[in-house]
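Biologist: Could you take me through the place where the ligand is held, one step at a time?

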Amino acid sequence: MIRGKFITLEGGEGVGKTTNMAFIKDYLQQHDISVVVTREPGGTELAEKIRKLLLDNDSETISEQAELLLMFAARAQHIKHVIEPALAHGKWVLCDRFTDATYAYQGGGRNMKISTIQWLENLVQGTLRPDLTLLLDAPVDIGIERVRKRGAFDRFESEKVSFFENIRRAYLLQAELYPERIKLIKANQPLPDVQRAITDVIRVLLGLCSLNCPASPRHGSVK
Ligand code: Z5A
C-alpha cells in the first residue's frame, strides 16, 4: 500500500482556511484520491474536547505552558487515531492547521521558546511532517475584518492586533525556513485567484505538473 500524502492549511484569522478546505477536498476527489478532512486542535473525540477547553472564553485563565501542552496532547491523540492510520491506508489527509500553528501562535504569539516547541514536536510526531503546507497569507486587518463580520470571538480571536502581527511574522519565518514544504498563497485576492494558486501547487504534488512548470507568474503567489 502506497502511503498517502499529508497536506496542511495554515494562516492567521479569517484568511480562508475553512473556505478552501472544501475546495481542495473536491479537487483531490476529482482526481480519485481518497481524502480524510480534519482539523487541529481537534479531529478525535478527546481532541475536540481539548479544543473546546482551548477556545472557550469563559474558563479560568489558561497559562501559556498549559496551552502549549494541551495543543500537543490533542495532537498526539489526533496523530495516533486519525492521521497515521489514514496515511498508512493510502488515504490523503487534509488538515486545517497543524504544528506550524504552534510555532506561530505559541511561539510567535505567546513567546514560548522555539526549542521547547521543537522538543515537543519531535516527541509527539517522531518523523511525521506534512508533505505540503499551504500558508494562506493576508494583512492582519483583512483577516480580522472578515472574522469580525462573523460575530462572537473565541479566546484567541479576542487578542490584540499586535498578537496577530507576531503570528503572521512567525508564519512567514516558517515559510522561509521550509521553502520546499511550505507554499505561500496570497489570500487577499479574489477567491477564484486564491483557488487557482492552490490548484497550481497541488498539481505538482499530484504529479500532473513537474517542478519545472510552476504556477504562471500572473498569479504571483507560489514561492
Ligand atoms: N491554535 C493554536 O494556537 N496553536 C495550534 O497549534 C493550533 C491552533 C493547531 C483554532 O481556530 C484556534 O486554535 C486558532 C489558532 C489556535 N485561533 N483562533 N482563533 P480555527 O482553526 O477555527 O482558526 P481560525 O483562524 O479561527 O479560523 P477562521 O477564523 O474560521 O478563519 P479561516 O478558516 O481561515 O477563514 P474562513 O472561515 O474560511 O473565512 C473567513 C471569512 O472570509 C468567510 O466569510 C469567507 O467567506 C471569507 N473569505 C474567505 N476567503 C476570501 C477571499 N479570498 N475573499 C473574500 N472573502 C473571503
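**The ligand and its pocket**

Modeller: In this predicted model, the ligand sits in the largest pocket.

Biologist: Which helix gives the most to the shell around the ligand?

Modeller: The elements that contribute two or more residues to this shell are helix 1 (17-30), helix 2 (45-55), helix 3 (64-88), helix 4 (99-109), helix 6 (140-148) and helix 8 (191-205). Among these elements, the one that gives the most, with four residues, is helix 4.

Biologist: How many charged residues are there in the shell around the ligand?

Modeller: The ligand is surrounded by 30 residues, and the closest are Glu13, Thr18, Thr19, Arg97 and Thr102. When the residues of the shell are divided by type, 12 are nonpolar and eight are polar, while the number of charged residues is 10.

Biologist: How many charged residues are in the lining of the largest pocket?

Modeller: The largest pocket holds about 580 Å³ of space, and of its 27 lining residues the closest to the centre are Glu13, Lys17, Arg51, Arg97 and Glu157. The lining divides into nine nonpolar and six polar residues, and the number of charged residues is 12.

How values were computed:
Residues are numbered from 1 along each chain as its sequence is written. This is a predicted model: local features need pLDDT of at least 70, side-chain atom pairs count only at pLDDT 80 or more; totals for chains, interfaces and linings use all residues. Side-chain values use heavy atoms; hydrogens and water are left out. A residue is near a molecule or strand if one of its heavy atoms lies within 4 Å of it. On a 1 Å grid over the protein atoms alone, a cavity is a set of points where a 1.4 Å probe fits but cannot get out, and a pocket is an open set with protein on both sides within 12 Å along at least five of seven lines; lining residues have an atom within 4 Å of a point. A molecule sits in a cavity or pocket if more than half of its atoms lie within 2 Å of its grid points. Ala, Val, Leu, Ile, Met, Phe, Trp, Tyr, Cys and Pro count as nonpolar, Asp, Glu, Lys and Arg as charged, and the others, Gly among them, as polar. Grid points are joined across faces, edges and corners, and a volume is the space filled by probe spheres set on the points.
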